[in-house]
Amino acid sequence: MRSLACGGLNAPAKVNLALHVVGRRADGYHELESLVVFQPRAADRLDIAIAPPGSADSLSVGGPFAAGVPTGRENIVLRAIALARDLANKDGETIPPLSVRLEKHLPHGAGIGGGSADAGAILRHLTAACPRLGDRLTEASASLGADVPVCLFGAPAIMSGIGEKLEAIGSLPGFGLLLVNPGKPVATPSVFRALENRENIPLPALPAGGFGDFPALCAWLAKTRNDLQGPAARIEPSIGEAMRAVEATGAVLTRMSGSGATVFGLFETQAEAEVASIAVAAAHPDWWVSPQASEL
């Protein structure tokens with residue numbers, strides 16, 4: 001087993017470039033189809049240390065969004081460690097007690113992963129240390145939340161089912177990505193309850209040769225949507241305000257990520273996205289604006 005101690009583990013924001021709600025199962029869970037990418041320069045960060053033998057896993061939290069993050073067993077990071085440990089035990093491997101320091105830089109209730117990104121990052125690290133966990137951990141991680149499997153995967157993918165089905169799509173053409181959150185968290189269950197149609201048209205087929213360039217990606221995205229955007233904006237009007245602010249910067253595409261309230265803008269270049277971020281931050285200093293838009 002590789003060393004589990006690690007400093008500066010990145011938990012990047014998850015961004016749903018498109019999100020279709022295509023059905024509802026008998027157990028109440030919604031069937032989704034989503035194109036997911038990650039913004040590595042907008043991220044939570046985790047430091048992991050080996051705790052003394054016989055102690056329990058522990059979590060401490062700092063950073064600008066530390067307030068309100070639970071540090072007990074209910075936290076998804078500690079639940080992720082417990083899940084990985086149970087699977088490792090079945091393989092005859094032992095994951096020792098871990099002490100985790102989480103620096104929270106992603107806003108809460110924002111539709112960009114948050115806790116799922118943290119859980120995915122630590123599970124990815126544990127999988128690297130315990131390779132035999134492999135696909136079983138990917139499948140089991142869905143029990144922690146719909147976004148956890150794709151956050152564990154950590155690369156552009158089509159996510160479907162209730163989050164447990166992943167299709168890698170390889171690299172995407174470079175583009176600039178701006179994230180803006182108006183500071184009003186939105187509860188995902190409330191958004192789904194407000195959804196009027198739960199059986200929508202699926203995502204269009206991916207181009208046979210992949211997305212050759214940025215215009216091709218934008219052309220495909222123009223045929224998609226986020227089915228949760230309307231309900232979320234009705235619940236929290238500041239989402240519409242954020243969309244208008246991003247649109248005013250000249251973004252090629254503006255849309256909400258996940259169940260909100262974060263809005264993203266796509267730009268052809270990183271430089272354009274960074275100029276836009278400066279403009280939005282100056283006009284709305286109380287909003288969270290991704291500080292560094294990066295090409296993906």
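Q: What makes the place of Met159 a strand?
A: Met159 lies in strand 5, which spans residues 157-161. Strands are DSSP runs of E with at least two residues, helices are DSSP runs of H or I with at least four, and both are numbered from the N terminus. The model is a predicted one, in which local features need pLDDT of at least 70 and side-chain atom pairs count only at pLDDT 80 or more, while totals for chains, interfaces and linings use all residues. Residues are numbered from 1 along each chain as its sequence is written, and side-chain values use heavy atoms, with hydrogens and water left out.

Q: Why is Met159 called buried?
A: Its relative accessible area is 2%. Buried means under 20% (exposed is over 50%, partly exposed in between, with a 1.4 Å probe and protein chains only), so Met159 counts as buried.

Q: Which residues is Met159 in contact with, leaving aside its neighbours within four places in sequence?
A: Contact means heavy atoms within 4.5 Å. Among the residues that Met159 contacts in this way are Asn16, Leu32, Ser34, Ala146, Asp147 and Lys165.

Q: What does the side chain of Ser34 reach?
A: It reaches the backbone oxygen of Ala18 at 2.7 Å. A polar contact is a pair of N or O atoms within 3.5 Å; within protein, one must be able to donate a hydrogen and the other to accept it, and residues adjacent in sequence count only if both atoms are side-chain atoms. The 2.7 Å of the Ser34 pair is within that limit.

Q: What puts the buried residues of helix 6 on the same side?
A: In helix 6 (residues 214-221), the buried residues are Phe214, Leu217, Cys218, Trp220 and Leu221. They cover an arc of only 160° around the axis, and so they share one side of helix 6. The arc is that of the directions from the helix axis to the C-beta atoms. An α-helix has 3.6 residues a turn, so residues three or four places apart point the same way. The cover over the buried residues of helix 6 includes strand 1, strand 2, strand 8 (253-256) and strand 9 (263-267).

Q: What caps the N-terminal end of helix 6?
A: Asp213 does, through a side-chain oxygen that lies 2.9 Å from the backbone nitrogen of Ala216.

Q: What makes Ile239 count as buried?
A: Ile239 lies in helix 8 (residues 238-247) and has 0% relative accessibility, so it counts as buried. Not counting residues up to four places away in sequence, Ile239 touches Pro182, Val186, Ala232, Ala233, Met256, Ala261 and Val263.

Q: What lines the largest pocket?
A: It is lined by 48 residues, of which Ser116, Gly145, Ala146, Asp147 and Thr188 lie nearest its centre. A pocket, on a 1 Å grid over the protein atoms alone, is an open set of points where a 1.4 Å probe fits, with protein on both sides within 12 Å along at least five of seven lines; lining residues have an atom within 4 Å of a point. The space in the largest pocket is about 1,100 Å³.

Conventions: Points joined across faces, edges and corners; volume = space filled by probe spheres on them.
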